[in-house]
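Here are my notes for your first look at this one. Keep the viewer open and click along as you read.

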Amino acid sequence: MGTTLAEKLWDNHLVRKGEDGAPDLIYIDLHMCHEVTSPQAFEGLRLAGRQVRRPDLTIATEDHNTPTLDIDLPIADETSRKQVNKLRENAAEFGIRIHSLGDADQGIVHVVGPQLGLTMPGMTVVCGDSHTSTHGAFGSLAFGIGTSEVEHVLATQTLPLKPFKTMAINVNGTLPKGSTAKDIILAIIAKIGTGGGQGYVLEYRGDAIRALSMEARMTICNMSIEAGARAGIIAPDETTFDYVKGRPHAPEGADWDEAVEFWRTLVTDDDAVFDAEVDLDANDLEPFITWGTNPGQGLPLSASVPNPEDFADEAEREAAANALEYMGLTPGTPFREIPVDTVFLGSCTNGRIEDLRAAAAILKGRTKAEGVRLLVVPGSARVRLQAEAEGLDTIFKDFGAEWRNAGCSMCLGMNPDQLRPQERSASTSNRNFEGRQGKGGRTHLVSPLVAAATAVRGTLSSPDDLVDAPAALV
Amino acid sequence: MEKFTTHTGVGVPLRRSNVDTDQIIPAVYLKRITRTGFEDALFAAWRGDADFILNKDEYKNGSVLVAGPDFGTGSSREHAVWALKDYGFKVVIASRFADIFRGNSGKQGLLAAVVSQENIELLWKLLDAEPGKQITVSLEDRTVTCGELTVPFEIDDYVRWRLMEGLDDIGLTLQHEEDITAFEGTRAGWRPQTLPAKHLPSVHIEAARPVDA
């Protein structure tokens with residue numbers, strides 16, 4: 001019997017097979033660090049008198065609580081400043097490469113890795129951040145870890161792990177215009193639930209996935225964790241190789257040929273068997289949004305706020321009732337009539353150049369709905385530079401948006417970019433948890449296209465709702 | 001790490017499913033650089049509500065949390081485990097845990113015990129009937145006992161052994177350092193390295209400024 005891609009990646013990185021119920025020891029090719037989940041790990045090393053085993057396989061960026069304004073001034077918030085300074089001190093002490101605020105390679109760790117060419121197929125990638133699953137888009141086994149594991153990887157460049165189960169997510173058909181990778185993943189999570197992927201590595205397959213760009217594939221893998229999965233992967237193909245080629249750390253010459261030859265073997269064998277399979281028809285998709293307080297509480301934008309009484313499962317019914325109360329929504333209200341205060345375009349889910357281009361194409365020549373705030377936060381400083389080179393910043397600013405510096409920003413509100421209590425957002429980020437974007441804030445997860453159309457109309461909207469649909473979508 | 005064999009303490013019924021790590025500890029508390037002192041941050045948003053269970057006198061000294069399914073979903077923050085531990089919790093019982101949370105718990109000596117939802121409902125009823133009632137969790141026998149009721153729980157054999165022995169993961173791995181070095185000798189030369197650093201030319205990044213609303 002053949003093996004799945006996830007199993008091949010596992011076998012490729014097996015240092016030692018566990019005996020008597022002990023976990024396998026797996027080698028880690030790339031370890032990314034940021035300021036929030038690393039200080040206690042470095043402290044642990046120091047206390048135990050340990051060194052970082054492979055500084056040359058480790059990289060740090062500042063992203064979670066860095067400001068997106070006034071980045072040339074000292075960070076105003078004292079605890080944020082302390083944490084960022086601690087990362088700089090730790091990087092200097094342990095000899096780790098760091099991209100600090102103001103550096104052209106600073107940005108969200110999951111945007112920076114791929115853009116430097118440090119993420120490529122066939123790797124194991126970890127970071128003390130659950131959205132590390134993003135890098136699975138390259139055909140790598142990539143997953144988030146806790147701080148103890150960060151310390152473990154720093155000290156040993158390995159992790160003791162139990163094998164994951166495998167799940168195929170088959171997405172076939174053609175994605176209709178106006179629907180995006182974000183709608184695919186929101187629909188998958190709504191279908192299998194926030195716990196549906198627990199214990200699994202999800203492999204996204206099918207012609208609708210093959211047709212996606214690398215950045216769109218990253219959006220999908222990014223949110224694997226919201227279905228509870230440990231990781232999400234997509235087998236590498238020409239799209240992947242084209243994306244990696246020529247990037248600063250991409251192999252060159254004979255190394256490139258050798259690498260590609262190996263990468264072509266990274267596919268699930270035809271006779272391999274997955275532990276579970278889920279099918280989704282891309283032809284049926286339409287713009288998707290979340291209405292509740294977990295990413296599984298999602299529906300098509302064309303629907304209405306659900307009635308908790310309609311849920312058969314008691315736990316789901318209670319969760320829906322709690323969510324609607326928190327969200328301040330009434331059952332039966334069409335989603336398109338829900339007014340929004342803030343639109344957030346950014347994050348490791350949708351803060352890449354293609355996302356900014358897609359939104360700009362809709363906003364160009366249009367004006368912002370009154371009273372709506374639009375925050376545009378590029379995923380990295382390079383994305384910001386690229387957008388400026390293409391004139392996208394001018395489109396955003398002319399529209400009335402705030403054009404910010406790179407970082408995680410309002411996705412999790414650790415920096416000053418937060419919602420006020422009861423403020424409602426349409427957000428291209430990945431989590432709609434209670435208080436995620438600011439205490440009492442109400443989040444609807446959306447695609448960049450829905451975010452842009454919402455900023456124009458002031459209520460949750462898709463580009464189809466705009467009077468003169470933009471040429472880019474026709 | 002302290003050895004864990006059995007624990008007896010006040011059971012706290014948390015009748016909520018999908019308790020994500022943003023609820024266990026909101027992101028604003030993640031800016032600390034210490035490993036302890038997170039007790040005030042546990043369920044910070046909910047603790048503002050006088051009716052929240054931990055605000056009731058009977059449950060203030062709770063140490064066994066009995067929660068709904070899919071506990072610990074979302075962000076990988078290990079601070080969630082630290083906050084539960086710092087508050088005084090030794091055990092969390094649920095029918096399903098998020099993978100990262102469960103992994104983090106095992107490494108920090110917090111027992112994440114998987115009990116069927118049917119038995120969780122029974123525990124909830126007992127705890128509701130007699131607020132402040134104690135629960136005994138035996139890792140040796142893999143059982144949860146509340147009054148007359150004893151139900152089994154599931155836990156990974158290896159995690160159980162490590163908890164009972166109080167062993168540190170890094171020390172265990174470093175016993176196999178020779179295997180790691182041998183593996184490193186087999187890695188292809190084209191595998192990326194972060195050092196020496198390669199990148200596109202450095203460019204000045206313009207600082208964005210606040211705009212008047």
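How many bridges join strand β3 of chain A to β4(A), and do they run parallel or antiparallel? Point 2 has the answer, after some housekeeping.

1. Ground rules. This is a predicted model, so to speak of local features we need pLDDT of at least 70, side-chain atom pairs count only at pLDDT 80 or more, and totals for chains, interfaces and linings use all residues. Residues are numbered from 1 along each chain as its sequence is written, while chains are lettered from A and ligands numbered from 1 in the order in which they are written.

2. The strands around β4(A). Strand β3 (residues 30-33) of chain A is joined to β4(A) by 3 bridges, and the two run parallel. Strands are DSSP runs of E with at least two residues, helices are runs of H or I with at least four, and both are numbered from the N terminus. Two strands pair if DSSP finds at least two bridges between them. Opposite A:I59 in β4(A) you'll find A:M32. To get from β3(A) to β4(A), the chain passes through helix α2 (residues 39-48) of chain A, in a right-handed β-α-β crossover. Right-handed here means that, with the strands pointing away from the viewer, the path from the first strand over the helix to the second runs clockwise.

3. The next neighbour. β4(A) also pairs with strand β5 (residues 97-99) of chain A, in the parallel sense and over 3 bridges. In β5(A), A:R97 is the bridge partner of A:I59. The chain goes from β4(A) through α3(A) to β5(A), and this β-α-β crossover is right-handed.

4. Two covered faces. In a regular strand the side chains alternate between the two faces of the sheet. On β4(A), A:T58 and A:A60 sit on one side and A:I59 and A:T61 on the other, and all are buried. A residue counts as buried if 20 or more other C-beta atoms lie within 10 Å of its own, exposed if 12 or fewer, and partly exposed in between, with C-beta atoms placed from the backbone.

5. A glutamate to click on. A:E62 is in the loop between β4 (58-61) and α3 (78-94) of chain A. Is A:E62 buried or exposed? A:E62 is buried, because 32 other C-beta atoms lie within 10 Å. Leaving out residues up to four places away in sequence, A:E62 touches several residues, including A:H34, A:E35, A:V84 and A:L87. Being in contact means that the C-beta atoms, placed from the backbone, lie within 7 Å.

6. An enclosed helix. Helix α16 (residues 448-457) of chain A is largely enclosed by the rest of the structure, because 9 of its 10 residues are buried. Among the elements covering the buried residues of α16(A) are β13 (288-290), α13 (353-363) and β18 (424-427) of chain A. Just after α16(A), A:G458 takes a positive phi of about 85 degrees.

7. Two domains. Chain A is assigned domain 1 (5-276) and domain 2 (290-473), with bounds that come from an automatic or database domain assignment. The C-alpha centres of these domains of chain A lie 25 Å apart. Their contact takes 37 residues from domain 1 of chain A and 39 residues from domain 2 of chain A.

8. Chain meets chain. 60 residues of chain B are in contact with 83 residues of chain A. On the side of chain B that touches chain A, α4(B) gives the most, with 6 residues.

Methods. Two residues are in contact if their C-beta atoms, placed from the backbone, lie within 7 Å.
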